[in-house]
Amino acid sequence: MQHGKRPLRSVDGIDVAASVLARLAPRALRPAIDQLRLDARSIADGFRGVREPTFSSQARPGFAPTPLAEIDPVFELLPTRGLKRSYATLRRDVEMIARDFRGDRVPPTIARARRAPSTTSAPSLAPRRVKVAKLTRETRDAITIRLEALDGAPIVFEAGQFLTLHVPMGREVVRRAYSLSSAPADGYAAVTCKRIERGRVSTHLHEQLREGDVLEVLGPSGTFVPSATTRHLVLIAGGSGITPCWSIARTVLARDPDAHVTLIYGNRSEGDVIFGSAIDALASERFRVVHVLADPSDAHRGPRGMLDRATFDAIASELELDRDLPEYFVCGPGPMMDAVREALLARGVQRARIHEERFQSPAERRAAPVASPQLVTVRRRGRDVAVTVAPDRTVLEAATESGVALPFSCAIGGCAACKCKVVEGEIRMDEPHCLSDAERAEGWVLTCVGHPTRPTTIEVPT
Ligand code: FES
């Protein structure tokens, strides 16, 4: 999610007329009036020759119609800029005073949840300021960033969880989730970041981050965490997907002398293996390690090629992976994860024993856009607020841009902190995300990866 960027907006006579009508009509008719306005705008813009590709294309990703609730006909009809400015100042002051009286003043910056919502992982929603205590180069394109909270309190987490870093980049702050690569028993929190080709944030972290820098983090969050009684684990990692797996492996092996862990780890070559020497040093009868290398040196003795379905199947058969009915934890590039999941299901492994963790930047995970802006009514404690969501925005993005505070944490579909229930309508979610099939069947959606396909009402859990 990008901060500091306001979409382009314009208000015309249709918007003003709809705004007047909405103020006079009963509240229940407002969504219908707004939808009519949007349709009328689309048609009118088409006649003016400015419609395409207004609503249906990513070609103008910054365009969004002004939400109906934000249109003030008095403001629009004032004839001069000076009068508009004076009126806007007066209106804002009156609104602030009224909100203070009601006790629900909207914070002046991007909204944070004021309380933890009902989530599967109970993440901390309060951002913490942390210092970069140490930078360690793991491979030519992976660094480990050790973090210390400025308030001196330890960052408490479970093996397999992640932190969402707020990375200042110029005038915007970009959020990215990184799995904790340290284990809780290490006594410190560290994330490991692999530089991604043309990856804005990873490149920035690799080139600009210095020890002593201060960042904000959210979390820890995430449910990619083995239960306290798990004894038999198979970890399947690709590239930087090793980070949560390495934390999990060390934690499970250290806490239970009867635990057995198998790690199947795919990389391009020996030089790309993150934590390679530490992993090999820990390898034992209790910790089986299989390195799969696509382009290895002659010295490599393990499987060669991509960690795809055929390779994984061969390893699974040879090691009789499913003999002890282990829990499978899979983290890595999407194609690898898909191949491993298909292979496991085909081998008869129950879905409940397959745990997956995926992190991709928001641009890589967009679902096909819906055709036109849609109205989402946000219901909280019986009060409704309407937000217009453009096709290229998520519900969370549109709400925060409109000053409507919704809970969130990772903002990339990984923690469930933004979970809301659909009362009416439909929200289509970008994939992947962390909701279970059961949660989706109950009507839960994640606003940070959600796009309405028609006028929709969602309820924020309280
Ligand atoms: S904010 Fe984490 S899933 Fe939406």
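Where is Asp 256 found? It sits in the loop between α6 (242–255) and β8 (260–267). Helices here are DSSP runs of H or I with at least four residues, strands are runs of E with at least two, and both are numbered from the N terminus. I'll come back to that loop in a minute.

First, the ground rules. Bear in mind that this is a predicted model, where local features need pLDDT of at least 70 and side-chain atom pairs count only at pLDDT 80 or more, while totals for chains, interfaces and linings use all residues. Residues are numbered from 1 along each chain as its sequence is written, and side-chain values use heavy atoms, with hydrogens and water left out.

Okay, the overview. The protein chain comes to 11 helices and 18 strands. Of its 462 residues, 49% count as buried, and buried means under 20% relative accessible area, with exposed over 50% and partly exposed in between (1.4 Å probe, protein chains only). The chain exposes about 22100 Å², and carbon and sulfur atoms supply 53% of that. Those areas come from the Shrake-Rupley method with a 1.4 Å probe, and for residues only the protein chains shown count as cover. On contacts, meaning heavy atoms within 4.5 Å: take the ones between residues at least 6 apart in sequence, and 68% of them join residues at least 24 apart.

Now back to Asp 256. Is Asp 256 buried or exposed? Asp 256 counts as buried, at 12% relative accessibility. Leave aside its neighbours within four places in sequence, and Asp 256 is in contact with Arg 231 and Arg 286.

On to the sheets. Two strands pair if DSSP finds at least two bridges between them. If you zoom in on β2 and β5, they pair in the antiparallel sense over 6 bridges, and Ile 145 stands opposite Val 191 in β5.

Next, helix α5, residues 200–208. Which of its residues are buried? Those are Val 201, Ser 202, Leu 205 and His 206. They cover an arc of only 130° around the axis, so they end up on the same side of α5. The arc is taken over the directions from the helix axis to the C-beta atoms. What covers these buried residues includes β1 (128–139), β2 (142–149), β3 (162–169), β4 (172–179) and β5 (189–194).

The other sheet I want to show is also open, with 5 strands in the order β13-β12-β18-β14-β16 and mixed pairing. β13 and β16 (444–446) stand at the edges with a single partner strand each, so one side of each has no neighbour in the sheet. Neighbouring strands here are turned by 40° against each other on average, direction ignored. Within it, β14 (residues 419–424) and β18 (residues 456–459) run antiparallel, joined by 3 bridges. Lys 421 stands opposite Glu 459 in β18.

Cysteines, then. How many disulfides are there? The count comes to 0, where a disulfide is a pair of cysteine sulfur atoms within 2.5 Å. For Cys 420, the nearest cysteine sulfur is that of Cys 418, 6.9 Å away. Cys 420 is buried, with a relative accessible area of 0%, and Cys 193 is buried with a relative accessible area of 0%.

Last stop, the backbone. Glu 320 has a positive phi of about 45° although it is not a glycine. Glu 320 is in the loop between α8 (309–319) and β10 (327–331), and at 47% relative accessibility it counts as partly exposed. Arg 381 is not a glycine either, and has a positive phi of about 45°. Arg 381 lies in the loop between β12 (374–380) and β13 (383–389) and is exposed, with a relative accessible area of 58%.

Technical notes: Axes are lines fitted to C-alpha atoms, for helices over the stretch in contact, and angles run from 0 to 180 degrees between N-to-C directions.
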